[in-house]
There are 2 protein chains.
Amino acid sequence: MTPNKEDFIKAIYELGGHEQVVSNKALVKALSISAASVTEMNTRLLKEGLITHLPYQGVQLTDKGLRIANQLIRKHRIWEVFLAEKLGYDWNEVHKDADLLEHVSSDFLIERLNVFLGEPTFDPHGGVIPNKDGTITEIDSTPLIECTVDDQFKIQEVDDQEEFLEYLLYKNVQLGKKYTLVDVEPYDGPLTLEAVDGERTIIGHKAAFKILVDKNV
Amino acid sequence: MTPNKEDFIKAIYELGGHEQVVSNKALVKALSISAASVTEMNTRLLKEGLITHLPYQGVQLTDKGLRIANQLIRKHRIWEVFLAEKLGYDWNEVHKDADLLEHVSSDFLIERLNVFLGEPTFDPHGGVIPNKDGTITEIDSTPLIECTVDDQFKIQEVDDQEEFLEYLLYKNVQLGKKYTLVDVEPYDGPLTLEAVDGERTIIGHKAAFKILVDKNV
DNA sequence: TCTATTTTTTAGTCTACCCTAAAAATATTT
DNA sequence: AAATATTTTTAGGGTAGACTAAAAAATAGA
């Protein structure tokens, strides 16, 4: 395993590669590499049994590939917790450094770090940390876009793109905070959230796809 | 900068490459790569102005190369402190993981980590942590091999090879502990140390080169 | 259905590493 | 000083990962 292969596996996973087929095009975009490089990497990972490949359609993770993806995400998220809680990183700053650290972390290191952090369940943007054995404890959450007016919920998890986290910081949307959806404008218009303290926040239509909420308030 | 180049620069430094010329042979041994690979890496680093090269003699670090070496050692040693103090690694376990982590650590990360650790001065085997600007605060220490019978001292710094640290652990030689040198056998024979509690330890001649002591007790 | 566009693959290069084997230069021994 | 041994360099190859440009396949539109 090399850092590049690991990033590739992780990208496939994040594009839904366990259930669906992921196109080369999506990987080109996600990894910012050429289409030729994607084809090439596909053949390498295919040879190692980490993916299945349907020519001209795309790739899917095998169970072996999925296990590796989950291990990587575990490492990534444990590092994110460390950076945010111990080193005082903002939640939009953790991603880049965690992405580098995850590739050089032995299992020994990660387990020690996990204990040091008190065996956390979530990372700083609400992502569930996969278990040591590669399994995931599922959390009951709904994309905000699927909510209707008057729904009450708390913010469970948000997309971890640096730019998006900055946007949420600017909009003062916080993890764990309770809101009521008071308005959804038609024609993909903005959504208005009202916090328990009465503060209102208006967020864009597309942002509502990147926010997962817990309706069991 | 790549991890390989960084390791190469660090190896030159550790072989005394700031003052003396370091031979290819020494680098072959230190890095466990072929002589041809050393020559090749030399030409790469020469082109980047990190070393000077005298054909058939060896290489030396430029000021630029030295600065990079010190930054790396700073990163390495700060990680060692973290692994030992926060994650409970034994002093012989820290080296391998620190060697990986040092190559993926941004300056931002290292400075945060440094503050989190309380701005330590020494790493777990007594090595001085270089300053942020690449300078080093020199410590007054003497190789144990240069001591004579009846000298009193405390252990200041020891070589950080995993195997050697295991040996010291077995011999119960501890950093900061005070000893008197009570015997040195001739013909490169063993040395006998006596701790303040009367406990005696006999160590091999070659080990005395790898231990630095502070005679100002 | 046929054309046009998009996507994927193939072909050919490039760089950073690494290697072995042989040649050249330096050091050592006799 | 010559022969031998050691060290360094050169020559030629290999792999992983990236690229561009062109060919092939699939999809979309008229």
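Q: Which residue forms a salt bridge with Lys96(A)?
A: First, the ground rules: this is a predicted model, so local features need pLDDT of at least 70 and side-chain atom pairs count only at pLDDT 80 or more, while totals for chains, interfaces and linings use all residues; side-chain values use heavy atoms, without hydrogens or water. Residues are numbered from 1 along each chain as its sequence is written, with chains lettered from A and ligands numbered from 1 in the order written. A salt bridge takes a side-chain nitrogen of Lys or Arg within 4 Å of a carboxyl oxygen of Asp or Glu. At 4.0 Å between the closest N and O atoms, the partner of Lys96(A) is Glu162(A).

Q: How many salt bridges are counted between domain 2 and domain 3 of chain A?
A: Chain A splits into domain 1 (3-61), domain 2 (74-138) and domain 3 (142-214), with bounds from an automatic or database domain assignment. Between domain 2 and domain 3 of chain A, the salt-bridge count is one.

Q: What area is buried between domain 2 and domain 3 of chain A?
A: Buried area is the accessible area (1.4 Å probe) that two parts lose on being put together, summed over both. On the domain 2 side, Trp91(A), Asn92(A) and His125(A) lose the most, together 62% of what that side buries. Carbon and sulfur atoms give 56% of the total, which is about 1,000 Å².

Q: How many aromatic pairs does the structure hold over all chains?
A: Rings of Phe, Tyr and Trp (its six-membered ring) pair if their centres lie within 6.5 Å; planes under 30 degrees apart are stacked, over 60 edge-to-face, and the rest tilted. Over all chains, the number of pairs is eleven.

Q: Which residue of chain B pairs edge-to-face with Phe82(A)?
A: The ring centres are 6.1 Å apart and the planes sit at 85 degrees, so this counts as edge-to-face. The pair crosses between chains, from helix H4 (residues 63-86) of chain A to helix H6 (residues 107-116) of chain B; helices are DSSP runs (H or I, at least four residues), numbered from the N terminus. The partner of Phe82(A) is Phe116(B).

Q: Is Phe82(A) buried or exposed?
A: Buried means under 20% relative accessible area, exposed over 50%, and partly exposed in between (1.4 Å probe, protein chains only). Phe116(B) has 24% and therefore counts as partly exposed. Phe82(A) has 0%, so Phe82(A) is buried.

Q: Which residue lies over the face of Phe116(A)?
A: A charge sits over a ring if NZ of Lys or CZ of Arg is within 6 Å of the ring centre and within 35 degrees of the ring normal. At 5.0 Å from the ring centre of Phe116(A), the residue is Lys86(A).

Key. Helix = DSSP H or I, 4+ residues; strand = E, 2+ residues; numbered from the N terminus.
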